[in-house]
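User: Please take a close look at how one chain of this model is divided and how its parts meet. After that, carry the description on to the neighbouring chain.

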Amino acid sequence: MSYAFYPGCVSRGGCPELYPSAVKVAGRLGLGLEELTDVGCNGAGVLSRAVSDPINARTFAKAEARGLTQLMTICSTCTGVMGGANLRLKEAPAYRERINREFLAEERLAYQGSVDVKHLLWLLVEDYGLDRLRAEVRRPLKGLRVSPFYGCYIRRPDGILEGKPARKRYLEMVIEALGAEVTDFGGKGKCCGFPVLTANEPNSMAMVAAHTGEAKSKGAECMVTPCPLCHLNLDGGQPRAAKMKGTAIDLPILHLPQLIGLALGFSAEELHLKRHIVPTRQVAEKVSLLT
Amino acid sequence: MELIFKVYRHDPTAGTKPALESYPVSLPDGATVLDGLLQIRDRHDGGLAFRAACGRGFCGECTLRINRSGKLACITRVAQVAKDGEVTVEPVRNITVLKDLVYDVDELLWQKIAWVEPWLRPATAQPDGGYVIPDAELEPIRKAMSCYYCGLCDEGCSVIPFDRRFSGPAALTKAFRVVFDPRDGAARERLKRLGEPRGMWDCVHCYEANEHCPRGIDPTDRIFDLRDKAVELGVKSGTANPQVARHYDSFAASVRQSGWLDEGRLALETWGLGRLGELLPMAWRALRRGKLPVPYLHRKRPGAEWIRRIFDKVEKRS
């Protein structure tokens, strides 16, 4: 199956290690990706829906124009924002028609409502299959203790789960399929604080300190997230959050494709683990000793 | 059913520490958590304090934490929540407990709702015979009008555990209800107030409120409605947090210009030169790791022109 690939802004901006890692992993797994290069930022929950719904309708129409109905993201926020827009556009044909008429018609585009938005995480479990993923693992991450951190928009609101409540456990399922150990903790489905980094930095940093600190106290050696915005806060904000709390945390935060990539046999260098703010050396060393 | 209820007990006036006390209860199938509490009060301790009224999920009075999750005790069936034969019942988190399961609702809800000025401020004098509003004009706020202030959305809120001052989804839903009321004429002033710290921009839009609301009001979406309205009216922040408006404007300008987000520019334009001293060390850390998004050196995405046109049309329309 071919997927329209929507990499999002951050995977090549604030987290430039994510895009190449995702492309390498997708290539190794044989996911047929066709990157959408001529589409816009989905609004990330910042832009008003008056602007972002038409932009997202245009993205979906672009995928349809290439004969693609499955759109893959590598960001929980992209998934939630585009998924939410897609629900509004699918559930209300009159709304979709108005957006087609007012915004897309002059570009000779129209969204027909056929696209499904899927995060790589969902795609791996639902389309690709964990058995196939296990078969591709060349270096089981035996003994590596990993805490999952989802990002809100891949768990809520209910509509985003499309009647599949198990989506709230997919990260743990993938961690285990890669041979690693899940270090569970209460904050895995909570907010990372990134959305209020601008409006209320103390609250944002307190959330980073709470979640990374809790995972670390439970014994995690690293955390994995399918959301680069969570990564920006949990990794990039961690030194500041630790300072504000007056404690050391030092919990490496891996992007989902990086954790998968390590299990598929890619090196830490190939997955750009050195580009993180919180050093990942100990994780890289532990993994390099595995066979 | 034979069960153990572990109930939060605390009398702040007695100077004792809070504790979970265990009580054996014997309940019929289909019994609710409220049935269990009533039995404990009848059989074990008449001094157990809790709130309840309608007993059928209609008044929002008995909001409690049941097995670590916010629920209405009167419509929560014991059989559905019991774990290993136990049910833990506690007051709402992050709030002053008055006694046992009775907490300060004034602090949880009423002070915050008062802050959003939950009364109409019509632009014109009331017409003779009162306002007549067609049904269709009330439709957008009808669900929000059905809120019965149970506080479950605030109980599940991601922000309040970190900041009790946050106005919270219940009060912001009330704000939505008056801002979008066709009789109200003070949207701009209201949104300015709601834009101040502790207001709508402090919401992390995590959608927990939607999951917790028993009335299907979807408070997170109502907060988005407020924010979208604020953008439409050009009231993008309060006076104490001008960086919020700069963030929106920079984000929108970047996407409008190039089709995608210039993160370096966003940081610079949001925080300005005032925080350059703090931004530089962060920039240096990112530069050393090869991940500094350089501002303004941002290539346009193919088709960016069409994105710009979308912005133009939306602006023209509003």
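Analyst: Chain A of this predicted model is divided into two domains: domain 1 covers residues 2-119, and domain 2 covers residues 138-288. Taken over C-alpha atoms, the centres of domain 1 and domain 2 of chain A are separated by 24 Å. The two domains touch, and the contact takes 24 residues from domain 1 of chain A and 26 residues from domain 2 of chain A. On the domain 1 side, the elements that give two or more residues are α1 (18-29) and α3 (76-91) of chain A. Sorted by class, the residues on that side of domain 1 of chain A are 11 nonpolar, 10 polar and 3 charged.

Chain A also holds an open sheet of 4 strands, in the order β6-β5-β7-β8, with parallel pairing. Its edge strands are β6 (181-182) and β8 (253-255) of chain A, and each of these pairs on one side only. Strand β8(A) runs parallel to β7 (residues 222-225) of chain A, and 3 bridges join them. At one position in this pair, Thr225(A) stands opposite His255(A) of β8(A). A helix is placed against these strands: α9 (residues 228-236) of chain A lies across β7 and β8 of chain A and runs at about 160 degrees to β8(A).

Next comes the meeting of the two chains. Here 42 residues of chain A are in contact with 45 residues of chain B. On the chain A side, α2 (49-65), α4 (93-104) and α8 (201-217) each supply at least two residues. Helix α2(A) gives the most to this side, with 6 residues. By class, the side of chain A that touches chain B has 20 nonpolar, 11 polar and 11 charged residues.

Chain B is divided into domain 1 (2-103), domain 2 (105-232) and domain 3 (242-317). Between the C-alpha centres of domain 1 and domain 3 of chain B there are 50 Å.

An open sheet in chain B is formed by 5 strands in the order β2-β1-β5-β3-β4, and its pairing is mixed. Strands β2 (19-26) and β4 (69-72) of chain B stand at the edges with a single partner strand each, so one side of each has no neighbour in the sheet. On average, and with direction ignored, neighbouring strands of this sheet are turned by 35 degrees against each other. Within the sheet, β1 (residues 2-9) and β5 (residues 86-90) of chain B pair in the parallel sense over 4 bridges. Val7(B) stands opposite Val89(B) in β5(B).

Chain B also shows a pair of packed helices. Helix α6 (residues 168-179) and helix α9 (residues 219-232) of chain B pack at an angle of about 50 degrees, and their axes are 9 Å apart. Because of that angle, α6(B) counts as oblique to α9(B). The crossing in which α6(B) passes α9(B) is left-handed. From α6(B), the contact includes Pro169(B), Leu172(B), Phe176(B) and Val179(B). From α9(B), the residues in contact include Pro219(B), Ile223(B), Asp225(B), Leu226(B) and Lys229(B). By class, this contact of α6(B) with α9(B) has 8 nonpolar, 2 polar and 3 charged residues.

Definitions and conventions. Residues are numbered from 1 along each chain as its sequence is written. Chains are lettered from A and ligands numbered from 1 in the order in which they are written. This is a predicted model: local features need pLDDT of at least 70, side-chain atom pairs count only at pLDDT 80 or more; totals for chains, interfaces and linings use all residues. Two strands pair if DSSP finds at least two bridges between them. Axes are lines fitted to C-alpha atoms, for helices over the stretch in contact, and angles run from 0 to 180 degrees between N-to-C directions. Domain bounds come from an automatic or database domain assignment. Two residues are in contact if their C-beta atoms, placed from the backbone, lie within 7 Å. Ala, Val, Leu, Ile, Met, Phe, Trp, Tyr, Cys and Pro count as nonpolar, Asp, Glu, Lys and Arg as charged, and the others, Gly among them, as polar. Angles under 35 degrees count as roughly parallel, over 145 as roughly antiparallel, 65 to 115 as roughly perpendicular and the rest as oblique. A crossing is left-handed if the near helix is turned anticlockwise from the far one by less than a right angle, and right-handed if clockwise.
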